[in-house]
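Here are some notes for a colleague who is meeting this structure for the first time. Please read them with the sequence and the model side by side.

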Amino acid sequence: MSETFRPALPDEIPEVARLEAHSFPSTTRTHQWWENWLVHGPHGGLESLWVAEERGRLIGACQLLWLRQWIAGVAMPVMGLASVAIAPTHRRRGLAGRMLTAGFDHARERGDVGSALYPFRASFYEQLGYGLAGEAHQYQLPPGLLPDDKVERMRVRLVDTPEDEAAMRAVYAEASQRLQSGQLDRTARSWRNSWGGEDQAAVVYWGESGQAEGYAIVRYRADLPIDKRFLEVEERVWLTLGAQKGIYAWLSSLGDQWRELVYRAHPEEGFGDRISEPRLPLLSNPGWGLWFPSATLLRGPMFRVLDVPEALGMRSLHTDEEMTLRLDVDDEQVQENRGPWRVRIEGGRMEVEPYRGGAVDATFSLPMDTLSRIFIGALAPWQAVAGGLAHIDRPEYMKTLDHAWAVPKPWTFDKF
Ligand SMILES: CC(C)(COP(=O)(O)OP(=O)(O)OC[C@H]1O[C@@H](n2cnc3c(N)ncnc32)[C@H](O)[C@@H]1OP(=O)(O)O)[C@@H](O)C(=O)NCCC(=O)NCCS
């Protein structure tokens, strides 16, 4: 085949912009918009651009963004895959698959241990080793259903000054490192994409000691017809229970202005138990007999391990137990990941080397998309085995593995 895959050259930006405009047609995203996005995008520019060329013409392009993603308390170098575009004349001949496989090698060479993306269709990326890595429960409710707390509400103040903004960023950084998995390590550029729009507002919860302990970013959806308007909660982060109560209480106080609030809860937040009526607006969704619809399940990001020994070597574990595994990985695109590997679990870490025979406690075999979901905490090992997605020859070790890999379910606010 006469196609080649390589980083884009500066003078190719207009040609790439035209390809992108074919793949993502929009009245607002003109060629000029794409040129600007590809060079000055919030998560990366020309240095991230990867193209497919055939006989001197570009036939495909994507962004291999340089992200750092917090996973189990470690900021890992992760390739953010975005803007995947294949010329409309070159579809369904495996070109995207080949362009991305070459992109995986390129990302591995520059040191990325994983990759993250938002799919147009999950099954397409599952074939490429990605697994779904994020769930949110979307509630639509009148603000008054949230619990009020007149004491904690008084600690919530609007973000107005650079100091307020710095406090918000510090809360995000601490929560991503200590309490959540899956968030990006934000740069000044990526923060600008999340906060600062004229239709947004943000608040910080200030604790008793004068420290910021939580924040929320909301968007005023006044762009919609008056009967369809709502207040959209885009981010909410807290380090303490007081901050959580304060933010819920602040939202609950906005009921005279906003008829509806759209809130995306973390699956482990227990949001449905905190509100006084966990019911979606009447007739917005079918019920089931006497059951009522409560929230909409949203799924978004996907994750893939790109380098098994490097990624596992970085991943912290939640155990003091020791064990040795043989790990067999089915990875169609990156042969180097297949192993078999000898994984020694000790002192809350994994040491990975090629398996060269010898006794192990158990052999764990699974495809890359499943390993990736376990790695980021989207799936527990027992769920993978029970669902037929993975196999272990000694099921008595399941509990140890589940405990070791456990982290809060992954959660990513950033769009890229
Ligand atoms: C999505 C997109 C990138 C796919 O590009 P593509 O080169 O057609 O993708 P591939 O050929 O690698 O795979 C597409 C399908 O064709 C199949 N295919 C591959 N070779 C084939 C062949 N020779 N004959 C028939 N089908 C083939 C693949 O198996 C895949 O199957 P699936 O539909 O079961 O998943 C392209 O359609 C595009 O640019 N779309 C618009 C923009 C977009 O949505 N981008 C994704 C953003 S995340």
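Predicted model: local features only at pLDDT ≥ 70, side-chain atom pairs only at ≥ 80, totals over all residues.

1. Residues are numbered from 1 along each chain as its sequence is written.

2. Strand E9 (residues 200–206) and strand E10 (residues 212–220) pair in the antiparallel sense over seven bridges, where pairing requires at least two bridges found by DSSP and helices (H or I, at least four residues) and strands (E, at least two) are DSSP runs numbered from the N terminus. Within this pair, Ala 202 stands opposite Ile 217 in E10.

3. Both strands belong to an open sheet of seven strands with mixed pairing, in the order E8-E9-E10-E11-E12-E7-E13. Strand E8 (156–158) and strand E13 (296–299) are at the edges with a single partner strand each, so one side of each has no neighbour in the sheet.

4. Helix H6 (residues 162–178) packs on the sheet and touches E9, E10 and strand E11 (231–238), a contact being two C-beta atoms, placed from the backbone, within 7 Å. The direction of H6 makes about 105° with that of E10, on axes fitted to C-alpha atoms, for helices over the stretch in contact, with angles from 0 to 180 degrees between N-to-C directions.

5. Helix H8 (residues 241–252) also packs on the sheet, touching E8, E9, E10, E11 and strand E12 (261–265), and its direction makes about 25° with that of E10.
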